[in-house]
Amino acid sequence: MAMSEAPRVALVLTGGGARSAWQVGVLREIARWHPPGSALPFQVICGTSAGAINAAVLAAGAADFAQASAALARVWGGFHIGQVFRAGTLDMLRSGLQLVLALVSGGWLMPMPRSLLDNSPLRALLEREVDFAALARSVASGRPDAVAVTASSLTGGASVTFVQTSRPFTPWERASRRGDAANLGVDHLMASAAIPLLFPPVAMEGSHYGDGALRQMTPLAPAIHLGADRILVIGSRHPGAGRAVAAPAPNVAEQLGFMLDSLFAEGLQADLERLIRVNALLAGRKPGPAPFGMRHVDTLLLQPERDPGAAAVAHRNAMPGSLGALLRILGARGARGGRLLSYLLFEGDYTRELIAAGERDAGRRRTEISAFLGLDRTFGARVE
């Protein structure tokens, strides 16, 4: 990057199920620091799982950052589980009965279900709320000029990033991951958010796809491939979640919660550590071309200051009775069920609390975030 050029800034939105409401609060707060009517301040947007859905809505409304973030807050703040997956008593009984009959009969009486939950309501919501024609217009206008959505090919065993861009694009292929040009649509978002076992895979382009976090060992790579010099990463995992504490042996609900935690966060932490090492290596080199095309990329990671699992426990009674009963059977009682609940509790009382927490957390880091995004340089004095 030439010294006179402004840095190319990317936004990376990780997966996190219902926890991704926290991302919405962060984005809404950052939008408040811009003059009214300002466009999205990112040239590249990358999303995985629920983060891919947030990325698509942002890109579709990129001409007005404040309006786009407000639209996200409206949808997330009004959520009910029934808008994401069917959780009525009959739905849960039907799913449970099919699973039991399939296991007891060895698949003779009933085939194994494709998933434990039916997320067809989510498809209807995305078809209604995401304007893919507007997303295409935003990309064509160059702000953002690239939107990337990552899914996992269950038949090919690779992490696949689908890229819609108005810049010259060269597909990439590395070990177990690749980037392909695409015109993004509902199938890409459904595939990216298809949490394994919980939601069914999505058939698309000759393969079947599941949640993008499943094989995404290098979640920063798409943004780097698309030319980012700075990457703002908005996660959903509390930074203290990995600390060891004395506790009884984990039950099934806790193990499922741990599995989701690992699915959405472990690759990110490892990738950030790799990038820090690359930056340190480049900083210590003599002038000249960097090996293997490496270049310095700055990152800023934002994570919830309060564990979303604790907030989920306080709202556990908002869970539909049939689903709540199933989770209690699995052991999701009291604080021990908080981690799993935090990913599945798509209810407005909980998501609104996370949105508000995201706003507060971003506000406390305003100086740091503003400097990283170059807001003072772009707009002069900060907007109040």
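Predicted model: local features only at pLDDT ≥ 70, side-chain atom pairs only at ≥ 80, totals over all residues.
Figure 1. Leaving out residues up to four places away in sequence, Arg 8 touches Gln 43, Val 44, Asp 145, Arg 167, Leu 226, Gly 227, Ala 228, Asp 229 and Arg 230. Arg 8 itself belongs to the segment that comes before strand β1, which covers residues 9–13. A polar atom of the Arg 8 side chain is found 2.9 Å from the backbone oxygen of Leu 226, and Leu 226 is also among the residues that Arg 8 touches. Because its relative accessibility is 10% and the limit for a buried residue is under 20%, Arg 8 counts as buried.

**Figure 2. The contact of helix α2 with helix α6.** Helix α2 (residues 50–60) and helix α6 (residues 132–141) have axes that come within 7 Å of each other and cross at roughly 65°. Since angles of 65 to 115 degrees count as roughly perpendicular, α2 is described as roughly perpendicular to α6. The crossing in which α2 passes α6 is left-handed. On the α2 side the contact is made by Ala 56, Ala 59 and Ala 60, and on the α6 side by Ala 134, Leu 135 and Ser 138.

**Figure 3. The contact of helix α2 with helix α3.** Here α2 packs with helix α3 (residues 65–77) at an angle of about 140°, and the axes of the two helices are 9 Å apart. Because roughly antiparallel applies to angles over 145 degrees, α2 and α3 are classed as oblique to each other. Their crossing is right-handed. From α2, the residues making the contact are Ala 50, Asn 54, Val 57 and Leu 58, while α3 supplies Phe 65, Ala 68, Ser 69, Leu 72 and Trp 76. The residues of this contact divide into 7 nonpolar and 2 polar, and none of them is charged.

**Figure 4. Leu 122 and the residues in contact with Leu 122.** Leu 122 is located in helix α5, which covers residues 120–129. With neighbours within four places in sequence set aside, Leu 122 is in contact with Ile 53, Gln 83, Val 84 and Met 190. Leu 122 and Ile 81 are separated by 41 residues in sequence, and the distance between them in space is 9.6 Å, taken from C-alpha to C-alpha. The relative accessible area of Leu 122 is 7%, and Leu 122 is therefore buried, given that the limit is under 20%.

How values were computed: Residues numbered from 1 in each chain as written. Heavy atoms only, no water. Axes fitted to C-alpha atoms, helices over the stretch in contact; angles between N-to-C directions. Helix = DSSP H or I, 4+ residues; strand = E, 2+ residues; numbered from the N terminus. Parallel < 35°, antiparallel > 145°, perpendicular 65-115°, else oblique. Left-handed = near helix turned anticlockwise from the far one by under 90°. Contact = heavy atoms within 4.5 Å. Buried < 20%, exposed > 50% of the residue type's maximum accessible area, 1.4 Å probe, protein only. Polar contact = N/O pair within 3.5 Å; in protein donor to acceptor, adjacent residues only side chain to side chain. Nonpolar A, V, L, I, M, F, W, Y, C, P; charged D, E, K, R; others polar.
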